[in-house]
Amino acid sequence: MTTRALWTGRGLALMGILFVALSLRILTGSASAIFPLIAQSFPLPDMAIAVLGALAPAGFALASFITPRLGNRIGIEWGLVLAVALIIIGHVVRALAPEWITLAVATAIGLVGTGMGNVLLPPAVKKYFPDRIGLVTTMYVGLLALSSAIAPLFAHPMSDVIGWRNGFIVWASFTVIALVPWLLELRQLRGKSPTAEPAIVVAKSTLKLHKSPTAMALAFMLAISSINGYVLFAWLPLLIMGTSGVGPAEAGLMLATFGFVGLPVSLLTPILAAKIKRTDFFLYTSVALFLVGYVGLLLAPSLPWLWVVFISAGPIIFPLTLVLINLRTRSTEVSMQLSGFVQVVAYSIAIIGPFGVGLLHEWTQSWNAVLIFMIAICVPLVALAPILGRGKFVEDEVG
């Protein structure tokens with residue numbers, strides 16, 4: 001495949017991909033850090049926090065089910081515009097919420113938009129940058145990690161100054177920027193006849209991806225990554241405060257650390273995965289990092305910063321999933337199908353994470369039980385490693 005300059009004829013698409021990526025994690029990370037401030041305006045019981053945490057995988061599962069069909073009908077570009085619009089609406093309605101149920105509804109709206117963005121970004125990369133899949137995936141996954149850190153880092157101090165409601169308006173205003181490149185790209189595309197994608201032609205029928213070992217392994221890998229991610233986004237500050245006795249401000253900084261440590265990992269993983277034929281190494285490394293972090297918090301809670309760093313490096317399987325969606329498919333269409341399939345399965349399973357942790361902690365009144373649960377969740381990665389290390393295309397597996 002011929003490699004061309006990154007900006008040649010596709011600069012707006014690159015800006016659009018990167019700005020959307022920078023907006024996708026703000027909605028999930030901007031609330032948990034300020035739950036104590038929100039609770040000053042209306043009651044926010046533990047069960048409400050569990051529900052808010054479980055909304056992320058639920059919203060993503062719903063979005064992953066509808067987005068491939070919607071994307072084929074209206075196109076990737078309009079799909080991304082709709083996704084960003086839903087995120088903006090979610091931020092604004094959050095700011096107006098008079099009680100936690102409205103907050104949850106607003107969060108659900110924004111999370112559907114976020115889930116749509118999750119599904120559409122990999123095929124957008126494959127459509128516009130088939131010659132630069134590793135590089136562009138690295139760029140946008142790095143910005144996902146950065147946005148995961150930005151929201152919890154600034155949410156609490158910003159809300160202290162301007163109030164938590166105005167804080168959500170600030171995030172909504174920031175997200176509007178992601179609309180601009182795609183609206184301009186759509187304006188350029190108007191009137192142009194679509195060009196054939198330089199890829200192997202596949203039938204437009206939906207592939208039976210559940211029969212593909214690679215597709216199923218990707219789905220379960222993302223499920224494990226998502227359970228870890230959304231449990232930590234929802235519960236990490238409270239877990240650290242409960243096990244290590246640190247204050248809310250320091251616990252919020254540890255949540256920001258979860259995003260920042262993931263940044264270099266996210267930058268390296270897609271590039272390495274595009275060059276290394278066997279990817280099982282990444283899964284074994286992820287298991288080791290998660291286990292060291294969770295076991296450390298269980299046995300030596302007086303060193304929370306050290307263990308949080310290990311846990312924060314564990315989700316290398318998230319950027320690995322995103323790049324493999326493109327590397328294990330031959331066309332944009334199948335990439336979109338695989339992206340939707342992997343994410344709907346993964347996030348349907350991941351619903352048990354934050355909600356289950358809430359129930360488990362309420363039942364046992366012990367964070368040690370939660371840590372044991374998280375350790376058990378990570379172990380199946382070892383069984384998935386050999387399947388994903390084979391490097392097969394899903395089209396070949398399902399005929």
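The largest cavity in this predicted model has a volume of about 330 Å³, and it is one of 3 cavities of 30 Å³ or more that a search of the whole structure finds. A cavity here is a set of points, on a 1 Å grid over the protein atoms alone, where a 1.4 Å probe fits but cannot get out, and lining residues are those with an atom within 4 Å of a point. Grid points are joined across faces, edges and corners, and the volume is the space filled by probe spheres set on the points.

Residues are numbered from 1 along each chain as its sequence is written, and side-chain values use heavy atoms, with hydrogens and water left out. Because the model is predicted, local features need pLDDT of at least 70 and side-chain atom pairs count only at pLDDT 80 or more, while totals for chains, interfaces and linings use all residues.

Of the 23 residues that line the largest cavity, Ser148, Phe233, Phe258, Pro315 and Phe318 are the closest to its centre. At least two lining residues each come from α7 (133-162), α10 (213-244), α11 (248-275), α13 (304-313) and α14 (317-327), and the largest share, 6 residues, comes from α10. These helices are DSSP runs (H or I, at least four residues), numbered from the N terminus. By class, the lining of the largest cavity has 14 nonpolar, 8 polar and 1 charged residues, where Ala, Val, Leu, Ile, Met, Phe, Trp, Tyr, Cys and Pro count as nonpolar, Asp, Glu, Lys and Arg as charged, and the others, Gly among them, as polar.

The second largest cavity has a volume of about 150 Å³, and of the 15 residues that line it, the closest to its centre are Thr28, Leu52, Gly53, Arg94 and Ala234. Two or more residues of this lining are given by each of α2 (26-29), α4 (46-74), α6 and α10, with α4 giving the most, 4 residues. The lining of the second largest cavity divides into 10 nonpolar, 4 polar and 1 charged residues.

**Helices that pack together**

| Helix pair | Angle | Axes |
|---|---|---|
| α1 (residues 11-24) and α6 (residues 100-128) | about 155° | 10 Å apart |
| α5 (residues 76-96) and α8 (residues 164-176) | roughly 165° | within 8 Å |
| α5 and α6 | about 155° | 7 Å apart |

The angle between α1 and α6 makes them roughly antiparallel, a word used for angles over 145 degrees. α1 passes α6 in a left-handed crossing, meaning that the near helix is turned anticlockwise from the far one by less than a right angle. Their contact (heavy atoms within 4.5 Å) is made by Ala13, Ile17, Val20, Ala21 and Leu24 of α1 and by Thr114, Gly117, Asn118, Leu121, Ala124, Val125 and Tyr128 of α6. The residues of this contact divide into 9 nonpolar, 3 polar and no charged.

The helices α5 and α8 are likewise roughly antiparallel, and α5 passes α8 in a left-handed crossing. Among the residues that meet are Val84, Ile87 and His91 in α5, and Trp164, Phe168 and Trp171 in α8. By class, the contact of α5 with α8 has 12 nonpolar, 2 polar and 2 charged residues.

Finally, α5 is roughly antiparallel to α6, and the crossing of α5 and α6 is left-handed. The residues of the contact of α5 with α6 divide into 18 nonpolar, 8 polar and 3 charged.

Conventions: Axes fitted to C-alpha atoms, helices over the stretch in contact; angles between N-to-C directions. Parallel < 35°, antiparallel > 145°, perpendicular 65-115°, else oblique. 1 Å grid on protein atoms, 1.4 Å probe; cavity = no way out; pocket = protein on both sides within 12 Å on 5 of 7 lines; lining within 4 Å.
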